[in-house]
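Student: I would like to learn how to read a sheet and an interface. Where do we start?

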Amino acid sequence: MTDAAPVIALRDATKRFGPVEVLHDVDLEVRAGEVLALIGENGAGKSTAMKCLAGYQPLTSGRILLDGKEVTFGSLHAGEEAGIVLIHQEFNLAEQLTVEQNIFLGRELRKGLFLDKARMRQLSRDYLDRVKCEVDPDRVVSSLSNSEKQMVEIAKALGRDARVLVMDEPTAVLTNTESRILFDQVRALKAAGTAIIFTSHKLSEVSEIADRVTVMRDGAVVHDGPVADMTEDAMATAMVGRDVSDLYPPKGRRPDDAPVMLKVEGLSVPRFAEDVSFELRRGEILGIAGLVGSGRTEAMEGLCGLRPASAARIEIDGAPVAIRRPADALSHGLCYLTEDRKLKGLLLEKGMRVNLTLQSLEKFGGLMVDRQAEEKALDAAIREFDIRGGQRESRVSNLSGGNQQKLLLAKVMQSEPRILVVDEPTRGIDIGTKQQIYTFLRRLADEGRAIIVISSEMQEVIGLSDRVLVMRRGRVAGMLEGEAITEDAIVRHAMGVGADSQGRAA
Amino acid sequence: MAAETADTVPARRRLPSMSVLGPIVALVVLVLVGAFLNPNFVSAANITNVLARSAFIGIIAVGMTFVITAGGLDLSVGSMAAFIAGLMILVMNWALPTLGIGIPIILLGMAVALVAGLLAGLLNGFLITTLGIEAFIVTLGSMGIYRSLVTWLADGGTLSLDFGLRTFYRPVYFGGILGISWPIIVFALVVILGEILMSRSRFGRHCAATGSNEHVAHYSNVDVNRTRLLTYAMLGVLVGVATIMYVPRLGSASASTGVLWELEAIAAVIIGGTVLKGGFGRVWGTVIGVLILSLIDNLLNLTDLVSPYLNGAIQGIIIILAVILQREAKAKG
C-alpha cells in the first residue's frame, strides 16, 4: 500500500495571516489505506495544515494535489465533495437538532417531496453501530456528552463515504474505552482503503495506531517517517526541539503525619456521585481517576459549591464547614479549576486582565475596581505563568490552548487557594506546556497547599499523584498509594474488577 | 489565530474602532445637518427642550443598558412607567385631603413611584432568575399586565392629578437651577453614576461577565442570579425616577402613556454600542443613542424636509445600521 501514490498531498504549502507565516513550505501527504499522525506543539501549524488540506482555508501559496492532480477548493463543500472530511476539534454539530438530523445534515434523503425518515433512521443506526455508539438517533445533540458527540461526528463522516478522513485531536475528549472503539474503527476504515490523518497530543496513541508520523514545529515539517522507526521520546524531542524526558517533577516528600487539610465524609451529588469520602493532607497531590461519566467532575463541583450537593461532614483544617455556594468554598481557601476552559473557564471575548481578576475582584478595590492594581497583577501573572503570545487587550480566544490554560491557572491562583482542585489540567495542550503545568502544581503542593488532580490521562495521574482515588459509577472504587499506583490497578478499579486490592482502600 | 490579531491590534490602537466612533460621528453629523437646515436647532431653548424630553427615555435606557449587558431584556418598562404614573396620581389625589398641598405629599408620591418601580423590577427579576423563565416571555407578560392595570385604574380614560397639586408639582419638570431643568440634571446624575458603575465597579464587571458567559461567571464565583436580579431591580427604580419627572409634565396618565418607550430605550442602548446578546455595555453610548433618536424626531419637526410621520422609519433604519456596524467591528476584532 505504502508505495502507492498519495491520495492527497500538500506541496510547498505556505499560509500567512497578515504578516505572520503559520505554514512554511509544508509538504504533507497521505496514501490510501494509510494512517498518518501529525504531531507538534500547540501553535505548530497542525490545525491550519489540516484546514488547508480539507479546503477550509485557502493557501497563500503552494499546491494541493488530489490523486496527483492540482486542485483548488473554492468552498467549504468542494473539499467534502472530493471525499475529504474534516472533523474539527470543536464540534461542528447543530446542537438543537437530533443525532439523525445531524448525520444527514445537508444531504437529507428524500422519497418524492418528503424526507425518507425510515431510511435515514436505519442508516444512522448502522453508522452508530459501527462506532459502537448506543446513542438513540432521536436524541438532541445538545443533550449528549462530549465523547458521544465525537462518536456522532465520526458516524457522520462514515455516512459521507470519506476517501480522506482528517481528525483534529479525536481522542482529546474520549475515555480510553472510547478511544479503543475509535481505533478499531480507524483500522476498519484503513482496511477499506480510506486515508486517515489525525493529530494527537497522546504519543502512545500515535505509536499504536499510526503508520507514519509527520512532526511539525513552528509552521514547518521537521520530521517525516514510519512510526516504527521512532520512539515516543524521540517524537517528543522532535516536537519540542529539546529533551523532555523528565515530564513529571519528582514526587513530594510529604511526611506521613502531615496535617489533614480537607476531610470529606459522605459527599453526595444527586444523579452523579454517592457517599464519596476521602482525606487530603497538606503538601500532597491526590489524583482522581475513573472513566468519563464516573462522577469525578460532578463530585468535586459539588464539593466546591458549584452544584447542589450534600455531605455528612466536610472539615477544612479540622473545623467543620458548610459549603453551599462557590463563595463559601473560596472563603475557606478551596477552589475548583474547571476542565472546560472555553465554556466554563474563560470569557473568550474579553481580554486577559478582565479574565485574570474576575474570580477575585474584591481583592482589587472595594466597590470600584482598581485597574492599576489589575494591570500589575497581570504583569506578575504573565511572568510567573509564562503566558505568551497575547496582546494584552486582545481577546483571550486568540490565545493558544496552552496559554489559555496557564491564564486560567493564574486566574484561579488570584484567589489564593490553599486547597486546589484542578480538573483535566492539560487537556489539549502541548507537551512543553504540560511539563510547565506539572512543575507548577508540584511546587504549589511543596509550598504547603493540597492539590486534587482529576485526569483522564492515565500517565498524568500516575506521574503526578502521591495517592490516587479511583471512582466508578459515582462511588469511590479504591484508593492507591505509592508503588501500588499502576495503570493496571487503576483500570481494574475503574472497571469494577479491582477486588483483589480492596485492602488498600483508605 | 494569533496571526490575525497581531495585525489588527496595532491598527485599533491608532484609531478607535468603528463601534466606538460610529455613534459619535452619527451624532455630530446629525447636529451639523440640523444646524445647517434650521439655525433654531442649536438654540439654547431647543437644546434644553430636546434634552428634557430625552430624559425619561434616557433614565430608563441607562437601566436597560445594565439589564442587556447582563444578558437580559425588559419589554415592560413603558407599561410599567404608565402604571406607576397612574398609581402615583391615585395615591396623591387620595392623600390630598389629609396632607394638603405641600412638600410632604410630593415626597409621598415620589416614594410611591420608587417603591412601586423597585417591586415591579424585583418581580420581573424574580421570575426570570429564580424561576428561570425566559426574560422575553416574563416581560412581555408583565408589559401586558401593567398596561391593562393602568387602563383599568383610569377606567379606560385618563387619571388626572388634582389641579392645585399639579401647579405645585410643575417645577419638578419645568423648573431647575441655573437655567438647567431638573429632568436634565437628574438624567446627567443617573448617567454619571451609571457610567462609573458600569465601567469601574465590581457590579459592572459582574454584569458583563454574566452576559458574556454565565457558566464562566458562575465558575468564577459571580452570583449570576443576584447580578441579574439587581439589574432588573435597578431598572425598575429608574423607571420610577423617570415617572417622577414625567408626571408633573402633563399631570395625567392614561392607557397611552409610555407607549413604545421600551422599544425606544432598547434601541438607544443598541445604537450606543451595547451588545444585544449581552457581555458588553457602555452607558455613555446609550446616552448618545438616546440623543440621536430624539434629535431625529426634533429635526423632522423643525424642518419640512421629510414628513415627521416618517420618524419611525428613520429610527428603524438607524437601529439596523447600528447593528450592522457593530457586527463588522466584531468580525474585524
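Tutor: With a definition: two strands pair if DSSP finds at least two bridges between them. Keep in mind that this is a predicted model.

Student: In which sense do strand 15 and strand 21 of chain A pair, and over how many bridges?

Tutor: Strands of a sheet pair through backbone hydrogen bonds, either parallel or antiparallel. Here strand 15 (residues 285-290) and strand 21 (residues 467-472) of chain A are parallel, with five bridges. Ala289(A), for instance, has Val470(A) in strand 21 as its bridge partner.

Student: What is the order of the strands in the open sheet of chain A?

Tutor: The six strands run 18-19-20-15-21-22, and the pairing is mixed. Strand 18 (334-337) and strand 22 (475-481) of chain A each have a single partner strand, so one side of each has no neighbour in the sheet. From one strand to the next, the twist averages 20 degrees.

Student: Which helix lies across strand 15, strand 21 and strand 22 of chain A?

Tutor: Helix 17 (residues 487-495) of chain A does, at about 30 degrees to strand 21.

Student: Now the interface. How much area do chain A and chain B bury between them?

Tutor: The size of an interface is often given as the accessible area lost when the parts come together. For chain A and chain B that is about 3,200 Å², with 55% of it on carbon and sulfur atoms. On the side of chain A, the most area is lost by Lys344(A), Leu358(A) and Asn398(A), together 16% of what that side buries.

Student: How many salt bridges are there between chain A and chain B?

Tutor: Two. One of them joins Glu349(A) to Lys277(B), whose closest N and O atoms are 3.9 Å apart.

How values were computed. Residues numbered from 1 in each chain as written. Chains lettered and ligands numbered in written order. Predicted model: local features only at pLDDT ≥ 70, side-chain atom pairs only at ≥ 80, totals over all residues. Heavy atoms only, no water. Helix = DSSP H or I, 4+ residues; strand = E, 2+ residues; numbered from the N terminus. Axes fitted to C-alpha atoms, helices over the stretch in contact; angles between N-to-C directions. Contact = heavy atoms within 4.5 Å. Buried area = accessible area lost by both parts, 1.4 Å probe. Salt bridge = Lys/Arg side-chain N within 4 Å of Asp/Glu carboxyl O.
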